[in-house]
Amino acid sequence: MVAQTLMPARPALLLRPPGVYAPQWDTGLLARALYREAVTSGTDVLDLGTGTGAVALQAALLGARVTAVDISRRAVFATRVNALLARQRLRVRRGDLTSAVTGQSYDLVVSNPPYVPSPAGRLPRRGAARAWDAGSDGRAFVDRICEAAPTMLRPGGVLLIVHSGLCGPDTTVRRLTERGLHASITDRALVPHGPVLRSRMPWLVRQGLAGADDSREELVVVRAERR
């Protein structure tokens, strides 16, 4: 599969308080994948790490019953306000990934989790970096979602997760497959490095995660289905 060049998502009328992740290229790539799914008024959708609610609102506009979850109080507030502005009904919950929806299952789970590799020893507990820092390999949240996926999905249900090529897309596919799901990479896109990656390039190069001349990042969408 050849990686495409992607333009950043530009949603209209979305409130974004300081510290809440702004919809970007990964948001647009995930939304594009969402539109290929058979979302109807009978579809129950879960958006993990909803941020401003951008992807959750796209699912609601397709008629789905949507639950949006984020650990950030500001993100929860922003999503509720953005749902009101868009005149869409969302069930918004604050929690650490699936902790807010324990025991629930869904037809479609979408997630744009934090996935940027970080030289910091611990995950941030507050501040803007909480929206992107994901441990030294970038997989702190991706792996948790892989682990939870089989119980989150109903039979025939689908997980769509977007993350960077820096944190091992093949590992994501393998871990989902090991959990009994049919998984594959369905989308790839090349995007310019943002300010966070540019600031970390010397460290990323030393870790062998990037080349010294790299100026673009690969994003991927992994699709996993419970059969």
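Strand S3, helix H3 (residues 73-86) and strand S4 (residues 90-94) form a right-handed β-α-β unit, where helices (H or I, at least four residues) and strands (E, at least two) are DSSP runs numbered from the N terminus, and where a crossover is right-handed if, with the strands pointing away from the viewer, the path from the first strand over the helix to the second runs clockwise. The model is a predicted one, in which local features need pLDDT of at least 70 and side-chain atom pairs count only at pLDDT 80 or more, while totals for chains, interfaces and linings use all residues. Residues are numbered from 1 along each chain as its sequence is written, and side-chain values use heavy atoms, with hydrogens and water left out.

S3 and S4 run parallel and are joined by 5 bridges, two strands being taken to pair if DSSP finds at least two bridges between them; within this pairing, valine 69 has arginine 93 of S4 as its bridge partner. S3 also pairs in the parallel sense with strand S2 (residues 44-48), again over 5 bridges, and here valine 45 lies opposite valine 66 of S3. A right-handed β-α-β unit is likewise made by S2, helix H2 (residues 54-61) and S3. Because 5 of the 6 residues of S3 (residues 65-70) are buried, this strand is largely enclosed by the rest of the structure; buried denotes under 20% relative accessible area, exposed over 50%, and partly exposed the range in between (1.4 Å probe, protein chains only).

H2 is also largely enclosed by the rest of the structure, since 6 of its 8 residues are buried, namely Ala54, Val55, Ala56, Leu57, Ala59 and Ala60. The elements covering these buried residues include H1, S2, S3, H3, S4 and strand S5 (106-111), and just after H2 glycine 63 adopts a positive phi of about 105°. Helix H1 (residues 25-35) is mostly covered, with 9 of its 11 residues buried, among them Trp25, Leu29, Leu30 and Leu34.

Leucine 108 touches Leu34, Glu37, Val39, Thr43, Asp44, Val45, Leu46, Val158 and Leu160, residues up to four places away in sequence not being counted, with contact meaning heavy atoms within 4.5 Å.
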